[in-house]
Amino acid sequence: MESVNPLLTGKPYPLGASVDDNGVNFALFSANATQVVLCLFDEFGLNEQQFPLTQKTRQIWHGYLPQAKAGTLYGYRVYGPYQPLLGHRFNHHKLLLDPYAKQLFGELEANDATYGYQIDSPDSDLSFCSKDNAKYMPKCCVVDDRALRNRPVKRLNIPLEQTIIYETHVKGFSVLNPEVNDDIKGTYAGLAAPSSIQYLTQLGVNCVELLPVQSFFNEPFLIEKNLSNYWGYNSIGFFAPNAAYMSGESITEFRDMVDSLHDAGIEVILDVVYNHTAEGSRLGPTLSFRGIDNANYYRLVSNEQRLYINDTGCGNTFNSNHPQVLQLIMDSLRYWVEVMGVDGFRFDLASCLGRETYGFDPGCGFFDALSQDPVLCQVKLIAEPWDIGPGGYQLGNYPIAFSEWNDRYRDTMRRFWRGDHGMLPEFARRFHGSDDFFEHHGRSPSASINFITSHDGYTLKDLVSFNQRHNLANGEGNRDGHHENLSANYGEEGETSKVVINQTRQRQQRNFLATLLLSQGVPMMLSGDEMGHSQHGNNNAYCQDNKISWIDWQAIDWSLVEFTSQLINLRQRFPILCHRDFIHVPDNKRDSGFVWYGRDGEPMSKRQWSEQSCRSLAVAITSGESALQQPHALLLILNADVESQTFTLPSLNCYDPWQCLLSTQNLNNDNLAQSELIKESKAVLQSRSLMLFHANFQLVQDKELIDDSH
């Protein structure tokens, strides 16, 4: 005898499971389904009960369950045609995750039943699998987020140009830290632990950018190799915090982490993946979107809808052009801002989100939706400005609301310090904020997110220790990862006991960090680079959830940490290092100035810019008049040559003599000793090193900024 359906009519909005004082409203979008069944489970994820959603409003299936509460476990079964050639892959034998689920209970277990087709059939994905997958699937958990919505968010509103981003991994940052309690190592609570926050604040960073924290699954091919997706770029739940990073059972832990970081003056940016999902290609499992409405949630090849457009390299492309999918993304982003309290987003493979049917468009629907949204237009938005699709590389072409990861900066700085020929003009453009890419349509230097390293590639220590990638641990025969890393090992591959090689590597790490933090634009550091962290030459550690990737707190180079902290302090002390606008050779002598010099102390000539073998130069930055600060100047001299070079320090009229603030020549961070090298306005700079100087404006009667060398 069939049980009576307890569902009431309910409402089509909001989507997902919404709690009130009397029950829970369920709402799910599917334009092509013929029937949607709500499946409820007991507290262990067992004993399934099924209740059809009989109401449908504007392609949204909905129902209200009286007396249901937070903690209820559920999923959906969606009926409809299984016609892969027409883009439909409905299979009611598959329990599906709610795209709006705010928490997942349990883990995905590898089993053939999670596929919508018979994986051993000669017909491949054209076959139909009637195995039930419920016992292998995590369940959605109803969350009452009303208390979190009512909790005020402490907004720091740090100006973008003053932001110093620290890219880190929730688990990898604290899992080996002996000062973090064992029960919270590698969790949101671990990142918010007093010792974690104390380290970040003493370092001086004011923003953490977290690798994906939205729920994600491991790819089947990794499971077969006994590996896992460590980075997390394989999302399935755009609202649910990844449960593996929770020390308890409440998603409040994530918000508590954000609040603790805010209290310490640190903003939180999330790396988000809305370009593809964990369901993969046509041969992947059916977990959620594929079984709910494949033809609408994914971009399919128009003349062969069995196939997925693969602009991501991950098997599928999420269809952000569809209004309901766009709403899902926008709702997700607002949820993380309003409920979870985050301060911004870095969009993985953002060109996918900006691609219309005719190609990339900075005025696409998604970008327009972001710019007009009253919540999201106020947060930090960062694009990874490329994908592998047609016209995917779009550095400099994003709307004014976005900053962009600048890979041209990364590659240029690597080549310059490696000693490549002919790098001076390119170095100057990147150091200046990449005005050739960003000085248009009202954009500023903060449009450029400068970085030397990121999660994807070598760590900084490995960049100066390896010529070749060493990725055998990934199980792909060392074929994965970038082949060209623009790196150098300076004599031996990997670890060495040779003092000269190690000293060169230590100077180069300091050179890179100094260049990054003294450049115009927004600096992004990779977590662990300031500690000397190594991945032993692995430049694609996406599947290394182990000591290869985790920060080793017992092997920290504290001298390098101190040097990095000094750099951050200098950047915060001198606002001209993070100027709001592009500055050039000043037209008005009261304006800020940015002038390049040769080793002779004179402004760079066209001939000097074109010298292919020259690997040294200098730049003077003057602050101009300000009501807040006495005018001052900074001078940076750089020598990427293998030989020492003598610099004549340019003389700026009305400025005091130059005083050394920082040098990479002395690995003990004792910059006072460098003053001995400055005699008669000359400085000797040894191979592969830099020095930073400071001069105050002399308070003369007319108070004019005069610099005859300009």
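Modeller: Two residues are in contact when heavy atoms lie within 4.5 Å. This is a predicted model, in which local features need pLDDT of at least 70 and side-chain atom pairs count only at pLDDT 80 or more, whereas totals for chains, interfaces and linings use all residues. Residues are numbered from 1 along each chain as its sequence is written, and side-chain values use heavy atoms, leaving out hydrogens and water.

Biologist: Fine, so which residues does asparagine 229 touch?

Modeller: Leaving aside residues up to four places away in sequence, asparagine 229 touches Phe216, Phe217, Asn218, Glu219, Leu222, Asn234 and Tyr542. With glutamate 219 there is also a side-chain polar contact of 3.0 Å (a pair of N or O atoms within 3.5 Å, one able to donate a hydrogen and the other to accept it; residues adjacent in sequence count only if both atoms are side-chain atoms).

Biologist: Where does asparagine 229 sit, and is it buried or exposed?

Modeller: Asparagine 229 lies in the loop that runs from helix H5 (220–224) to strand E15 (235–241), and it counts as buried because its relative accessibility is 6% (buried is under 20%, exposed over 50%, partly exposed in between, with a 1.4 Å probe and protein chains only).

Biologist: What about glycine 491, buried or exposed?

Modeller: Glycine 491 is exposed, at 60% relative accessibility, and its place is the loop between helix H13 (460–463) and helix H14 (499–518). Its C-alpha atom is separated by 43 Å from that of isoleucine 158, the two residues being 333 apart along the chain.

Biologist: Switching to H7, how many of its residues are buried?

Modeller: Eight of the nine residues in helix H7 (residues 289–297) are buried, so the rest of the structure largely encloses this helix. The buried ones are Phe289, Arg290, Gly291, Ile292, Asp293, Asn294, Asn296 and Tyr297.

Biologist: And what do those buried residues pack against?

Modeller: The buried residues of H7 pack against strand E2 (23–29), strand E7 (73–79), strand E9 (88–89), E15 and helix H8 (323–338). E15 is also the strand at one end of the loop that holds asparagine 229.

Biologist: Zooming out, how many helices and strands are in the chain?

Modeller: The chain has 16 helices and 31 strands (DSSP runs numbered from the N terminus, with at least four residues of H or I for helices and at least two of E for strands). Its C-alpha trace spans about 100 × 55 × 55 Å along the principal axes.

Biologist: What share of the chain is buried?

Modeller: Of the 710 residues in the chain, 62% are buried. As for contacts between residues at least 6 apart in sequence, 72% join residues at least 24 apart.
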